[in-house]
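Have the viewer open and follow along.

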Amino acid sequence: MSFEINRRDYLRFAAGGALGAATSGVSLRGLSRLNAALASEEVIVPGGPENWVPSLCSLCPAACGLRVRTIGPRAVRIQGSSFHPVSHGGLCPKGLAGLQVVYHPDRLRAPLRNVGSRKSPRWREISWEEAISTVAARLRRLRGAGQAHQVVWIDRPERNLWSRLVRRFLAAYGSPNYLTMPSGLDAIQTAVYLQQGVTQPVAYDLEGTRYLLSFGVNLLEGWGSPTAVMRAFGRWRDAAAGRRTKFVQIEPRFSMTAARADEWVALRPGTDAAMALGIAYVLITEGLYDAAFVRDHTFGFEDWRDAAGRTHMGFRSLVLSEYRLNDVAVMTGVPAETILRLAREFGQNRPAVAVGDHQTSTLPGHPYAAMAVHSLNALSGSLDTPGGVVLQAELPLKEEEIPPAGKNSWPRLDETPEHHFPGHHLARLPRAILSRKPYPVEAVLLHDVNPVFSLPNGEVFRQSFQEVPFIASFTSFMDETSSLADLVLPAPTGLERWQEAASPPAFPYAVESISPPVIAARHRTRHPGDILLEIAKFLGGQVGAALPFENVEAYLRHRVGDLFAAQTCSVYSTRLDEAWNRLVERSGWWAPTYSTADELWEQMKERGGWWEPTYYYGEWERTARTPSRRFEFYSQTLARWASSRPDFARAVGLEPGDDRLFLPHQPPTVEAPPGYPLLLMPIEVLPLAGGEGGHLPYLQQIAGQHLFATWESWLEIHPETARKLGIRDGDRVSVESPRGRAQVRARLYAGARPEVVHLPLGYGHTEGSRWGRRGVNPMALLDERYDPVAGLAQTSGTHVKVYRS
Amino acid sequence: MIAIAKRISIEKHGIPSLRPLLTGVCVLCLATPLLTAQVQGGGAYFLSGNTKAGMQTFFDKGCARCHAVLGEGGRAAPDLARAPGGNLSAAELVAGMWNHAPAMWEKMRLQRLAPPKFSEEEMTNLFAFLYSVRALDEPGDAERGRRLVAEKRCLECHSLAGQGGRAGPDLRSWASYRNPVSWIQAMWNHAQPMQAMMAARGLSWPQFLGNDMTDLMAYIRTLAANSKGHVYLRQANAETGRELFRQKGCVSCHAIRGAGGSRAPDLGRRALPRTLGQLAGLMWNHAPAMWASMRAQQVPRPQFSNQEMADLIAYLFAERYFEMAGNAERGRRRFEEKGCAGCHTAGAKADTAPDLAGWRGGGSPIPVATALWNHGPLMLEKMRQQEIPWPRFRPGEIVDLLEFLNRGQFSPALAKAKP
Ligand code: SF4
């Protein structure tokens, strides 16, 4: 596959991009390779009127606010928008690379049809008319044949206006299969569902917290909403305000997050649950927990008796009998004195919050460990309190009725009933496709996702997609999954299109950002929303009636009408306005700057969006929807769910009837198989957070800055382990798991544990951008392993051997 | 919220009782942006842009380093939204500032902070901000609210989360109303059947004092599952409130500083609670007595829409910002007693203390506060050298003093020659 590369276009932008990065104070350690490539080239400065235009960063779900400088038809510089309530003018290094996306030479430039085969694709550029009519005709035929449910849509795990549009489309069309990629928050979201009974996204009031225990969450490397977390981090050390929040990072590796924490506690991999329960042990035995909160708002702390008179073990009994301090010290490898001290600090500081377990922006931890960590929040009374764990406020959008489309009771192909465990079971899709059970899959539509590359069972996805009769992908760059499609529908990049974003991950407040295109689309690309609406119109009937919008802009304008009707909240504004609005709203007054929906729309376009700056804490009825209407240490929700699954206990590794099945506990760690002595733990680094961004040279340049590893992936190995294996820093080595083998350069890193090696995510593409193809993809080496509760991929349990190549 | 940004002008004042305001303090205030700020239009809202400018001043000048407002800001000094309690007029604010100034400067000196200087406009805005923010109700204390539900016996008639009576609506159905004024308004409009039912059950009329109402609301919110709806009150308009005061017949019983009926307390003279919600609560507390008096005079009970109640309350608050005119003669005596006359002699030079005769027609709390901050530290120093104690004023004394200065009756005869 090859595309023409317009190098000149790329270079024109690059001058602006580098300037933006430099003036934003980001360390660009040696852009030598890129600069050398640019030095001999002519840089053409574009002409025309200059403007600063508001926009949004599209490179991660935080969707930070941008101000983009345009000269004539070109975007030449990106800055953060100080009005944006999440980022407040900040941008991460990835955001600064945004212009490299727009002017990337390997972008898709026109709709493509695969005129070869799935195994050996050959791409032909086609017209948009042909592309749209192909998809629309296929969907019409399937619907006409009663096979609407056999259409699958795979999207990002976001709850925004776009996802509502697609869901509405599918509901009217007749498919239950709106499937999403996993998120790093899935484990904690599962814990929140099991212990609080809610499916609303979990969020943290990080700025307000005074003590933070992070169980392996890469807080400063792309987790949640990176700029918001970094801002909170700054506030923790705000000497002027007389504040000092202590931040303790508990994880096996000395990550960048650990390096910036007040204290790093190195624990044995996979023992986060034991560590959390060891801390709970101290809180309980020393009476350092919030006894009133536990008494009034929790269930299952003490042993309890069910309706049949059977006594069940409570959290206290479990912790006191199985997680004694010295036992936990042995399990975790953390000295008992350290656990004791941390527990006392956690118990004596309010508000204190615990996050985890081990998570990145895309890799979730284990639900039992997440329950153990979340139980610490209940012990410290930090649920729905300032500085604690909260539930993300919802946008006040009208839920519109969608008429049922024929027989719409087909099960979802990921076997996840709507509003059941919030874990994402996309990994189950290939099995359904290959087995044709419960029904065959006739079409897959992908939007900006790449499961073949991003999931541990990517290879199974590849095989199963060979069997799907029709695949279309909306994307800006060719990727491993799109290369299996029949049609590739090129999307404009963020700055070239209407964008919108709702509250980003882990952010407490209701937010809706909107931005019009900054510049005209550079290639023959079209907004996926416009295509979807055009297809809806083509299908007509119920589908057309459900989506009666001319284009995405009209849809967004319609939704802004909902926001206006809610008669609350405010348009993005200065920090001062924000503080003022919060004071006023908290006391029950509303001071809008607009009086009509049109005014709101105009102001949102100008300022970047609308949000509710006030969070109402302590609304317990909203916070705990469990059977007991309390936080449940002992999850009755899980017990009820498991009661119809006889094999559940065995999958967990416990006997049926064991109360620990429904209590937080330490899941078994994975034993190393013979011949594979080292544990492989993939890592995410901020420039390639979410495993994305490897296609951008600026990010390649700065990704491995802690080891000066640039432009390729690296294997972090402890110097002592390396010495035993005869490996020197920089040697090319083979990393071999039972599943596969990869070659990579070894970097000696004392921050790794001797028994663990690490590979960064985001490298090793086989399709798309030339720069993304560097390095290896750790996903290709990982065992397929899922937790028995929510079916979340467990990516930290694969063992490997490492040897010099 | 409160429209201290109300436009007061002689021409516009239809209520004769307001006329005295136009002399003394208020005439001078009219010149300031605060008091001429528009309530509506141009993006300005009920708390005018100047109020926000005042908030900016509060942070820019470093006030927030030590003081907080409603919990936002420093912890070293009192939260200026909460302390002192009660509703403070501009004169009361300046009296408080004056009396605490030496202690503040001393703290700043210890922290090596220079006392900030203010322009009159900044001070005007700062006063607007402080006055406004003090009128805001705070999110309540749910735990206290839980106890109040029992104490006030709300559940004798109302249900709440499956408990209590059936005679009144489930209190959770109001949970989305975020403003205590809205709650009082809803209760007010339904008070007649409530009153009858309570009488039949031998229940006493519930009183809402201090933060009772917001605490109750906070508790009820903890029991309401639906978090989606937040019903706020829109900006209140004091001008409309003034009109409502007349239309709804309030003026036939209540006066504002002597203008109006005399059967009920003069609302311009009575001490008001600090917040708007608390004032609404006060109205509720006295409702049975009001209605009895109305019945005797065959005046119908007024009903209020949500916004009308807000406007009316805002009007009463706005009035209070302008302390009634002082007494020049009393002011003259204060000027002597407090030792002001010892330094501020007629024709005094800048190196001693300025001749305050120049303040004729210009003595309002704002210039006093501005002068206090800009010249006070030096004045304090000079007084210390001369072993003169820093004078302390009660709010009424400040008003009298201002009236005295405004009248320009300052004369050399009043001043003792400096030793
Ligand atoms: S945090 Fe995400 S949205 Fe914000 S600048 Fe970085 S990549 Fe863009």
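Predicted model: local features only at pLDDT ≥ 70, side-chain atom pairs only at ≥ 80, totals over all residues.

Next, turn to strand E9 of chain A, residues 211-217. Seven of its seven residues are buried, so E9(A) is largely enclosed by the rest of the structure. One partner of E9(A) is strand E10 (residues 246-250), which pairs with it in the parallel sense over five bridges; here Tyr211(A) stands opposite Lys246(A). E9(A) also runs parallel to strand E15 (residues 352-359), joined to it by six bridges. Along that pairing, Phe215(A) has Gly356(A) as its bridge partner, and Val217(A) stands opposite Gln359(A). E15(A) is largely enclosed too, because eight of its eight residues are buried.

Further along chain A you will find an open sheet of four strands, in the order E20-E21-E24-E22, with antiparallel pairing. Its edges are E20 (499-502) and E22 (570-571), each of which pairs on one side only. Helix H21 (residues 552-566) lies across E20, E21 and E24 (609-611), running at about 145° to E21(A).

Now for the charges. Side chains of opposite charge can pair when their charged atoms come close. Over all chains, the whole structure has 70 salt bridges. Which residues pair with Asp262(A)? One is Arg237(A), with the closest N and O atoms 3.2 Å apart. This pair links distant parts of the chain: Arg237(A) sits in the loop between H8 (226-236) and E10, and Asp262(A) in the loop between H9 (256-260) and E11 (263-265), 25 residues apart. Another is Arg244(A), at 2.2 Å from N to O; Arg244(A) belongs to the loop between H8 and E10, 18 residues from Asp262(A). Arg237(A) counts as partly exposed at 26% relative accessibility, and Asp262(A) is partly exposed at 29%.

Finally, look between the chains. Arg221(B) forms a salt bridge with Glu619(A), the closest N and O atoms being 3.5 Å apart. The pair crosses from helix H10 (residues 212-222) of chain B to the loop between E24 and H24 (620-623) of chain A. Both residues, Arg221(B) and Glu619(A), are buried. Through shared partners, salt bridges join Asp384(A), Glu619(A), Arg622(A), Arg178(B) and Arg221(B) into one network.

Technical notes: Residues numbered from 1 in each chain as written. Chains lettered and ligands numbered in written order. Heavy atoms only, no water. Pairing = 2+ DSSP bridges. Helix = DSSP H or I, 4+ residues; strand = E, 2+ residues; numbered from the N terminus. Contact = heavy atoms within 4.5 Å. Axes fitted to C-alpha atoms, helices over the stretch in contact; angles between N-to-C directions. Buried < 20%, exposed > 50% of the residue type's maximum accessible area, 1.4 Å probe, protein only. Salt bridge = Lys/Arg side-chain N within 4 Å of Asp/Glu carboxyl O.
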